[in-house]
Amino acid sequence: MAHGVAKAVNSLFFFVAVAAGLALAGMSFWALRGASQRKGHGHCLGALDSVPRDLDYMSQIRQSLDPADLEFAKAKGGRHLESRLRRERRQVSLLYLAAIRRDFEQSLRVARVIAVLSPEVSGSQEYERIRQSMMFRWRFQMIKGRLLIGNMPQPQLVALWQMASSMAVQMEQTMAKLGERAALAAELALQSEK
Amino acid sequence: MLELPTFILTAWGLATVLTLFLLVRIFLHRMYRRYPFFTFYLGANLLQTAVLSFLYQPYGFSDTTHGCGSAWATQAFVVVARGFAAAEVSYRILGKFKGVWALAMKTLIACGAIVLISTLYFGTRSYPLAVITLEMSLEGFIATWIVGSLLFARYYEVPVEPAAGMVGLGLGLLSCCRLLNDLVFERHVQAYLDVWNYVSGVAFLCVLLLWNWYMRGPATQTAHDPQLNTVQVYQSLIPQVNRKLAELNQQLSRFWRTESPKP
């Protein structure tokens, strides 16, 4: 029996190792795609200068997501109008969700740039960010699926957007403060040299 | 006096010619200054071919008593040289980004060590195949290191010099091919013995063709030195980002369970 177990483990190791070898070979091609076209990182931090503009349309989005609005349309214009409105507003919600995703990815990208341009990087912070972003993407897809089948508590979409946007706003504010401090430090250094 | 198979002699001859072409180009374009370990690795390969021809030509492959140990010793030397070349390529790709390079080194050493130890542990333990198991584990380590470096570069959107990319890709593919080749050989020793040599030779020839094709012109593109921020920027921003992501995920999980959001 021990020989049988050893043989099974050996076979399992063989298949796992072959799969890992093939995966490594494939990943080396995938990882290198577009590598020489990647630009430097200086321009990416400029993305923080433009705060997400979706905030300007929040009141309209909020109203479009209000169920009472659909009831009013049904009462005034009949089922046909109500179903058309529901369909169009679902499209708007999906576009809104896509905008949330874009804001989120943009913030993540800036965080990556900050990490790569830092002389010290914390492994635990990087791992945490990767873990959180994978969870976000998974749950995002689940919510998108629920929205597509029309089963989504709408007001939470607005709260979700607010959270994603506030991340970008906070990063911009912190970068501005750090920029001011750096300018002040440079000025002090210049004065002390004189 | 047994002769080596014609295919093997042809493959070794072609590999020697291609390696010489490559070395001439490396010296002409002065790339040996930026890739000294890679240049040394190519030289080690040339030397190995000469030694193997000398060792095997009188007796052929089937005679395992004469020169087999010396042949495997040369292989160990070449694999170690390839390991150093892989580390050099990795440094060329990520070394300018000190924080990410420090993180990548720790991660890749840990992953590579796991691959190496697992392969040694689960590989065949019989004495005749011990050398194959050892080679497999080293090749697994090198492949993990190279691919891991490229994945780090992709995740952090680090621009990769074409030369570093091609050398890294070649080294990574070569290690993967040798690893797979040795895995199959370890399992089907008798049936696969001749094929093992052919596959090994062809894989190396293909990689040499790739490197020669890439280096047919002068390498002009080099990555610029990045201007690093102060460490305070990272320490201020990244914990905030991670906290926000955690809150976002909590919000998402509440949506999924259709609970009301907290004010």
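**Chain layout and packing**

Modeller: Start with chain B: from the N terminus on, its elements run α-α-α-α-α-α-α-α. This is a predicted model, by the way.

Colleague: How many helices and strands is that for chain B?

Modeller: Eight helices and zero strands.

Colleague: And what pattern does chain A follow?

Modeller: Along the sequence, chain A reads α-α-α-α-α. That is five helices and zero strands.

Colleague: Switching to helix packing. How do α3 and α4 of chain A sit against each other?

Modeller: Helix α3 of chain A covers residues 67-116 and helix α4 of chain A covers residues 123-148. They pack at an angle of about 170°, with their axes 11 Å apart. So α3(A) is roughly antiparallel to α4(A). The cut-off for that label is over 145 degrees.

Colleague: Which residues make that contact?

Modeller: From α3(A), they include A:Arg90, A:Leu94, A:Leu97, A:Phe104 and A:Leu108. From α4(A), they include A:Glu126, A:Arg129, A:Phe136, A:Phe140 and A:Leu147.

Colleague: What's the breakdown by class?

Modeller: The contact of α3(A) with α4(A) has 11 nonpolar, three polar and eight charged residues.

Colleague: Now the core. Which residues touch the most other members of the largest nonpolar core?

Modeller: B:Phe38, B:Tyr41, B:Leu42, B:Leu94, B:Leu171 and B:Trp211. That core has 82 residues. Its largest share, 11 residues, comes from α3(A).

Colleague: Pick B:Tyr41. What is it in contact with?

Modeller: Leaving aside neighbours within four places in sequence, B:Tyr41 contacts B:Val78, B:Ala81, B:Arg82, B:Ala85, B:Leu171, B:Leu174, B:Phe204 and B:Trp211.

Colleague: Next, B:Val100. Where is its place?

Modeller: B:Val100 is in helix α4 of chain B, residues 98-122.

Colleague: Buried or exposed?

Modeller: B:Val100 counts as buried, because its relative accessibility is 0%. Buried means under 20% here.

Colleague: What does B:Val100 touch?

Modeller: Not counting residues up to four places away in sequence, B:Val100 touches A:Ala115, A:Val116, A:Val121, B:Leu94, B:Phe152 and B:Tyr156. B:Val100 and B:Phe152 are 52 residues apart in sequence and 8.2 Å apart in space, C-alpha to C-alpha.

Colleague: Loops, then. Which residues have a positive phi?

Modeller: B:Arg30 is one of them, with phi near 60°. B:Glu157 is another, with phi near 55°. Neither is glycine.

Colleague: Why flag those?

Modeller: Because most residues other than glycine have a negative phi.

Colleague: Where are B:Arg30 and B:Glu157 placed?

Modeller: B:Arg30 is in the loop between α1 and α2 of chain B. B:Glu157 is in the loop between α5 (130-155) and α6 (162-187) of chain B.

Colleague: And are they buried or exposed?

Modeller: B:Arg30 is partly exposed, with a relative accessible area of 48%. B:Glu157 counts as buried, at 19% relative accessibility.

Colleague: Last one: B:Tyr32. Where is it found, and what does it touch?

Modeller: B:Tyr32 is found in the loop between α1 (6-28) and α2 (36-56) of chain B. B:Tyr32 is partly exposed, with a relative accessible area of 27%. Not counting residues up to four places away in sequence, B:Tyr32 touches B:Ile26, B:Phe27 and B:Thr39.

Colleague: How far is B:Tyr32 from B:Trp211?

Modeller: Their C-alpha atoms are separated by 14 Å, and the two residues are 179 apart along the chain.

Methods: Residues numbered from 1 in each chain as written. Chains lettered and ligands numbered in written order. Predicted model: local features only at pLDDT ≥ 70, side-chain atom pairs only at ≥ 80, totals over all residues. Heavy atoms only, no water. Helix = DSSP H or I, 4+ residues; strand = E, 2+ residues; numbered from the N terminus. Axes fitted to C-alpha atoms, helices over the stretch in contact; angles between N-to-C directions. Parallel < 35°, antiparallel > 145°, perpendicular 65-115°, else oblique. Contact = heavy atoms within 4.5 Å. Nonpolar A, V, L, I, M, F, W, Y, C, P; charged D, E, K, R; others polar. Core = buried A, V, L, I, M, F, W, Y, C linked by side-chain atoms within 4.5 Å. Buried < 20%, exposed > 50% of the residue type's maximum accessible area, 1.4 Å probe, protein only.
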